[in-house]
Amino acid sequence: MGNQGSVLSEEKLQELEKATNFSAKEITKILKRYGALDNSPNGEEGIPITKFLNIPEVVGNPIMPCVFAKFSDLQGGNLGPEPFLLLFSMLHPDQPMDKKQKFAFDMLDVDSQEQLGFEELFSLYKLLYSPALSDQKISHLTAQVLFRDDLATPGYINFDEFCQLVPVSEIKSRLTVQLQLS
């Protein structure tokens, strides 16, 4: 898989350039980096979460397991070459903030109901504030947010409410990764 970048057709390379925030040269470097993590001949095994979480640029970011889950293969649970590229495109500093916000919301909206309930919001706060806050305090914080008077549906927050409640700076800091490609 290490030479995946060099065996891409010109058409596929152009397609990936349009779908990502990367140039053809960067795509080739990213796929070489992918190849260093997936030792299978054609990238068919993918990268397991343990290897992904050890990438220096993502180490220590508590939200990365959720990001990985959103892009990984549902059958094997690993990350293939194109999803690897798309994942880092989503995390790219040039990715528009509205797309990062929507991605963050969708990542948490596990039941695809276009709203976040207690469990989903609790899991976000647990990722962000554990172990500094106990589960009891996180539960209390979650309940406070979900039962505000200004919510469209008490007990749930929709995407617009999510954008008002979660600061852009938090989204930017958690969902921005600059891959080192040199």
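Q: Are Phe-71 and Phe-103 buried or exposed?
A: Buried, both Phe-71 and Phe-103. Buried means under 20% relative accessible area, exposed over 50%, and partly exposed in between (1.4 Å probe, protein chains only). The model is predicted, so local features need pLDDT of at least 70, side-chain atom pairs count only at pLDDT 80 or more, and totals for chains, interfaces and linings use all residues. Residues are numbered from 1 along each chain as its sequence is written, and side-chain values use heavy atoms, with hydrogens and water left out.

Q: How many aromatic pairs does the structure hold?
A: Start with the general idea. A ring pair is described by the distance of the centres and the angle of the planes. Rings of Phe, Tyr and Trp (its six-membered ring) pair if their centres lie within 6.5 Å; planes under 30 degrees apart are stacked, over 60 edge-to-face, and the rest tilted. This structure holds 9 aromatic pairs. In one of them, Phe-52 and Phe-68 have ring centres 5.3 Å apart and planes at 40 degrees, so that pair is tilted.

Q: Which helices hold Phe-52 and Phe-68?
A: Phe-52 is in helix 4 (residues 49-52), and Phe-68 is in helix 5 (residues 64-71). The pair therefore ties together parts 16 residues apart in sequence. Helices (H or I, at least four residues) are DSSP runs, numbered from the N terminus. Phe-52 and Phe-68 are both buried. Now go back to Phe-71 and Phe-103. Their aromatic pair is tilted, at 5.6 Å centre to centre and 40 degrees between the planes. Phe-71 lies in helix 5 and Phe-103 in helix 7 (residues 97-108), 32 residues apart, so the pair links distant parts of the chain.

Q: Which residues do ring pairs link into a cluster?
A: Tyr-34, Phe-52, Phe-68, Phe-84 and Phe-88.

Q: Which residues of helix 6 are buried?
A: Pro-81, Phe-84, Leu-85, Leu-87, Phe-88, Ser-89 and Met-90. That makes 7 of the 10 residues of helix 6 (residues 81-90), so the helix is largely enclosed by the rest of the structure. Its buried residues pack against helix 2, helix 3, helix 4, helix 5 and helix 7 (contact means heavy atoms within 4.5 Å).

Q: Which ring does the charged end of Lys-102 sit over?
A: The ring of Phe-159, with the charged end 5.3 Å from its centre. The rule wants NZ of Lys or CZ of Arg within 6 Å of the ring centre and within 35 degrees of the ring normal.

Q: How many salt bridges does the structure hold?
A: The cut-off is a side-chain nitrogen of Lys or Arg within 4 Å of a carboxyl oxygen of Asp or Glu. The structure holds 8 salt bridges. Glu-15 and Lys-12 form one of them, at 3.2 Å, N to O. They are 3 residues apart in helix 2 (residues 10-19), so about one helical turn separates them. Glu-15 counts as partly exposed because its relative accessibility is 43%. Lys-12 is partly exposed too, at 24%.

Q: Where do Glu-57 and Arg-33 lie?
A: Glu-57 and Arg-33 form a salt bridge, with the closest N and O atoms 2.6 Å apart. Glu-57 sits in the loop between helix 4 and helix 5, and Arg-33 in helix 3 (residues 24-37). They are 24 residues apart, and the pair links distant parts of the chain. Arg-33 is partly exposed, with a relative accessible area of 21%.

Q: What separates Glu-170 and Arg-174?
A: About one helical turn, because they are 4 residues apart in helix 11 (residues 168-174). In general, an α-helix has 3.6 residues a turn, so residues three or four places apart point the same way. The side chains of Glu-170 and Arg-174 meet in a salt bridge at 2.9 Å, N to O. Glu-170 is partly exposed at 23% relative accessibility. Arg-174, at 22%, is partly exposed as well. Elsewhere, salt bridges that share partners join Lys-12, Glu-15 and Glu-82 into one network.

Q: Where is the chain divided into domain 1 and domain 2?
A: Domain 1 spans 10-94 and domain 2 spans 97-174. The bounds come from an automatic or database domain assignment. The C-alpha centres of the two domains lie 26 Å apart. Domain 1 gives 11 residues to the contact, and domain 2 gives 9 residues.

Q: What area do domain 1 and domain 2 bury between them?
A: About 1000 Å², with 73% of it on carbon and sulfur atoms. Buried area is the accessible area (1.4 Å probe) that two parts lose on being put together, summed over both. In domain 1, Pro-62, Ile-63 and Met-90 lose the most area to domain 2, together 51% of what that side buries. Across this interface the rule finds 0 salt bridges.

Definitions and conventions. Helix = DSSP H or I, 4+ residues; strand = E, 2+ residues; numbered from the N terminus.
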